[in-house]
Amino acid sequence: MQETNTLLSSIPQDLYMRLSHRTLSFARHELRREPYFDYSVFHIQHRSSLRINLQEAVATLPILQSPIRRIQILVDGGNPIPIPLADFNEEDCKKIYNYAVDNTENHEVFYDVIATAGIALLFSVDKSVCKSIEDTFKTEVHYLSSLTPVLKHFTNRNVSTDQPLHVFLYLHESNMDVILLNENRLIAVNSYFVQRETDVAYYTLGLLRNFVADIEETVVHIVADDAALREGASTELKKYLSKIYTIHPAAEFNRHPIAVTEDITYDFINLLLP
């Protein structure tokens with residue numbers, strides 16, 4: 001019994017969770033003398049409600065058997081809306097978000113402050129989703145946009161080229177985040193629904209034409225949770241742009257054990273390895 005208690009006390013009680021349309025990903029991670037990391041993915045059964053899927057995950061995943069003190073939830077999607085920090089007022093969040101995004105009456109609106117990008121990022125989660133999560137785990141829950149750790153990472157990233165304009169594309173599931181920087185200063189950020197490589201080129205070029213005079217000189221960096229999609233998008237963009245670079249997470253993070261974990265997403269890596 002004493003050995004069991006000692007083992008449980010060594011497991012971090014903070015749980016990280018990534019919520020997407022297809023999967024629920026869970027991680028426990030703590031930096032210490034002997035770093036701790038555990039990771040599991042639960043594939044959502046769409047014939048059942050989220051509440052039932054969560055209950056099934058709790059019943060079957062070993063990572064969820066230890067005590068949980070608090071949960072930080074990375075929300076994939078959520079219709080993120082950037083607001084300049086100079087114009088940000090917490091009291092106006094819901095009003096601004098509801099004006100910008102349709103059909104949000106049944107959504108909770110949250111925000112992340114990203115100082116390196118000079119913005120507050122508004123996003124939303126369906127109230128029924130929040131209730132299912134909070135009723136299942138019955139502990140403190142904090143929601144975070146999946147775009148937030150990626151934006152923090154790119155706006156802190158040192159890019160060794162002479163060209164100040166850089167576009168970072170992050171492809172995940174059927175979404176693409178496009179981040180345009182001028183020497184680490186955020187110029188534009190947007191998210192798109194994409195199904196194929198031609199969609200990636202269409203939306204990327206469309207954003208560039210709105211903000212950049214000479215798009216051929218823009219440097220584009222592509223990272224994707226699906227390696228085949230990353231390479232396909234790179235090939236498609238090379239038809240129109242010459243400076244295309246692909247980001248390989250394992251190499252970028254020096255083959256850190258978290259970065260080489262099977263099925264882990266780039267946004268989750270950046271949350272756990274800021």
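Modeller: Let us begin with a term: contact means that heavy atoms lie within 4.5 Å. Please keep in mind throughout that this is a predicted model.

Colleague: Against which elements do the buried residues of α2 pack?

Modeller: The buried residues of α2 pack against β1 (14-19), β2 (23-30), β3 (36-43) and α4. In α2, which spans residues 50-60, L50, N53, L54 and A57 are buried.

Colleague: Why are these residues placed on the same side of α2?

Modeller: They cover an arc of only 100° around the axis, and therefore they lie on the same side of the helix.

Colleague: How should I read a nonpolar core?

Modeller: In soluble globular proteins, nonpolar side chains tend to be buried together. Here, the largest nonpolar core has 31 residues, and L151, F154, I179, L186, Y266 and F268 have the most contacts inside it. At least two residues of this core come from each of β7 (119-126), α5 (147-155), β9 (165-172), β10 (175-182), β11 (185-193) and α9. With 5 residues, α9 supplies the largest share. Apart from this core lies another, of 25 residues, including L165, L180, L208 and V220.

Colleague: With which residues is F268 in contact, leaving aside its neighbours within four places in sequence?

Modeller: With those neighbours left aside, F268 is in contact with Y16, M17, R18, S25, F26, A27, Y39 and L74.

Colleague: How is a pair of aromatic rings described?

Modeller: A pair of aromatic rings is described by the distance of the centres and the angle of the planes. A search of the whole structure finds 11 aromatic pairs. For Y202 and Y203, the ring centres are 5.2 Å apart and the planes stand at 80°, so this pair is edge-to-face. Y202 counts as exposed, at 59% relative accessibility, whereas Y203 counts as partly exposed, at 27%. Elsewhere, ring pairs link F154, F168, Y170, F253 and Y266 into a cluster.

Colleague: Let us turn to the backbone. Where is K138 found, and is K138 buried or exposed?

Modeller: K138 is found in the loop between α4 (127-137) and β8 (140-145). Its phi is positive, about 50°, although K138 is not a glycine. K138 counts as exposed because its relative accessibility is 69%, and the cut-off for exposed is over 50%.

Colleague: What can be said of R255?

Modeller: R255 also has a positive phi without being a glycine, of about 55°. R255 lies in the loop between α8 (249-252) and α9 (266-272), and is exposed, with a relative accessible area of 60%.

Methods. Residues are numbered from 1 along each chain as its sequence is written. This is a predicted model: local features need pLDDT of at least 70, side-chain atom pairs count only at pLDDT 80 or more; totals for chains, interfaces and linings use all residues. Side-chain values use heavy atoms; hydrogens and water are left out. Helices (H or I, at least four residues) and strands (E, at least two) are DSSP runs, numbered from the N terminus. Buried means under 20% relative accessible area, exposed over 50%, partly exposed in between (1.4 Å probe, protein chains only). The arc is that of the directions from the helix axis to the C-beta atoms. A nonpolar core is a set of buried Ala, Val, Leu, Ile, Met, Phe, Trp, Tyr and Cys residues joined through side-chain atoms within 4.5 Å. Rings of Phe, Tyr and Trp (its six-membered ring) pair if their centres lie within 6.5 Å; planes under 30 degrees apart count as stacked, over 60 as edge-to-face and the rest as tilted.
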